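Open the model in your viewer and keep the selection panel at hand. The tour begins at a pocket and then widens to the chain.

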Amino acid sequence: MNNKENDALTSASETIDVSSGSSLMETENKNEETSSPWPGPKGMIPVTSGKADDANVHNRVFLDNILVEMRVIDSVEPDLSTTILGKKYASPLMPAAVSHLNKVLSDQSRKPMQEKAVAARNMGLLNWIGMETNEEYGEIIKQGDDTIRIIKPFADHHKILDEIQFAEKTGAVAVGIDIDHIAGKNGKYDVVDGIPLGPITMEDLKQYAASTKLPFIAKGVLSVSDALKARQADCKAIVVSHHHGRVPFGVPPLSVLPEIKKALQGSGMEIYADGSLMSGYDAYKALAMGADAVLIGRGILSELLKNGTKATEDKLKKMNEQLAEMMMYTGIKDTKSFDSSVLYYQK
């Protein structure tokens with residue numbers, strides 16, 4: 001790997017950033033072994049370390065211990081169409097807010113960020129984009145359709161406000177901020193691509209939400225406390241997430257989702273969820289537990305980086321089929337009818 005490629009990859013304090021996507025990026029430490037049952041390809045950063053402090057491990061165990069009962073009498077083929085922030089999409093699956101993927105391939109003729117945008121457009125899905133410069137963001141959205149832009153919590157608030165305004169000017173559906181990407185592994189505010197990050201206060205959120213006509217989203221909510229603060233700051237939606245396991249020993253997002261849903265009842269806020277949703281069955285569980293829609297990052301990342309748009313579409317199509325299959329088995333006719341009482345939790 002040459003120096004230029006290495007610079008592109010070491011954008012955070014431990015070579016690992018890239019919103020849901022950095023887990024498949026190349027790393028200098030190719031000899032480190034992992035005990036994880038979900039590693040990435042040889043020579044790539046593993047999806048999870050397999051260690052006790054890795055929140056992805058606990059998340060996978062939690063997901064796999066949620067079972068469903070059958071309710072098949074009177075069941076019909078379901079309608080997957082979903083209204084998100086007032087607009088209708090073909091499915092509640094949304095390609096997640098990954099970042100920097102155009103820098104990770106040795107084949108620089110390919111643009112995975114644009115390929116993902118095209119896949120979302122072709123499938124009638126709402127696409128999300130993570131940390132990119134205004135120029136790069138503008139180039140990506142030219143290839144896609146409806147987009148939500150997620151911005152890092154830069155220490156320079158003017159940079160945040162500038163990127164919010166650029167998203168609004170270029171037709172984003174909504175804009176938001178990664179509230180959970182604050183700390184680096186050294187216990188200091190993180191630095192991404194050489195840009196210092198900083199704290200996010202409720203007053204900051206209020207300022208950002210008030211600065212735009214677009215719905216504002218707090219991404220990285222993992223507690224009722226932060227959910228209520230996001231509501232007070234006039235956020236229109238939240239993403240229940242631990243940001244691909246950034247927080248050591250982080251609770252599984254779905255484990256706190258029902259409590260957050262209850263706390264926000266009547267607020268009008270939409271609730272999205274992510275966290276290693278690798279199949280349509282995983283997505284079903286999140287939707288049944290109260291998510292209005294789900295972000296799919298790691299679930300399509302391998303297909304996207306290896307084979308581009310068509311492979312990404314094929315994976316999303318398969319996930320939609322799995323989601324519809326599970327909805328038929330549990331008598332759910334559309335995405336407004338999910339019922340958490342079909343779920344059982346193994347101890």
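Select strand S2 (82-84) and helix H9 (280-288). Each supplies at least two residues of the lining of the second largest pocket. Keep in mind that this is a predicted model.

Now show the space itself. The second largest pocket has a volume of about 290 Å³. Its lining counts 16 residues, and the closest to the pocket centre are Asp292, Thr335, Lys336, Ser337 and Phe338. Select those five and centre the view on them.

Next, colour the lining by residue class. How many of the lining residues are nonpolar, polar and charged? The lining of the second largest pocket has seven polar, five charged and four nonpolar residues.

Zoom out to the whole protein chain and switch to cartoon. Ten helices and 14 strands make up its secondary structure.

Colour by burial. Of the 347 residues in the protein chain, 56% are buried.

Draw the contacts next. Among contacts in the protein chain with a separation of 6 or more, 67% link residues 24 or more positions apart.

Last stop: colour by pLDDT. The mean for the protein chain is 88, and 86% of the residues reach 70 or more. Select residues 1-46, where the pLDDT is below 50. In the model, this stretch still has 109 contacts beyond near neighbours in sequence. Read the contacts of residues 1-46 with that pLDDT in view.

Conventions: Residues numbered from 1 in each chain as written. Predicted model: local features only at pLDDT ≥ 70, side-chain atom pairs only at ≥ 80, totals over all residues. Heavy atoms only, no water. 1 Å grid on protein atoms, 1.4 Å probe; cavity = no way out; pocket = protein on both sides within 12 Å on 5 of 7 lines; lining within 4 Å. Points joined across faces, edges and corners; volume = space filled by probe spheres on them. Helix = DSSP H or I, 4+ residues; strand = E, 2+ residues; numbered from the N terminus. Nonpolar A, V, L, I, M, F, W, Y, C, P; charged D, E, K, R; others polar. Buried < 20%, exposed > 50% of the residue type's maximum accessible area, 1.4 Å probe, protein only. Contact = heavy atoms within 4.5 Å. pLDDT = per-residue confidence, 0-100.
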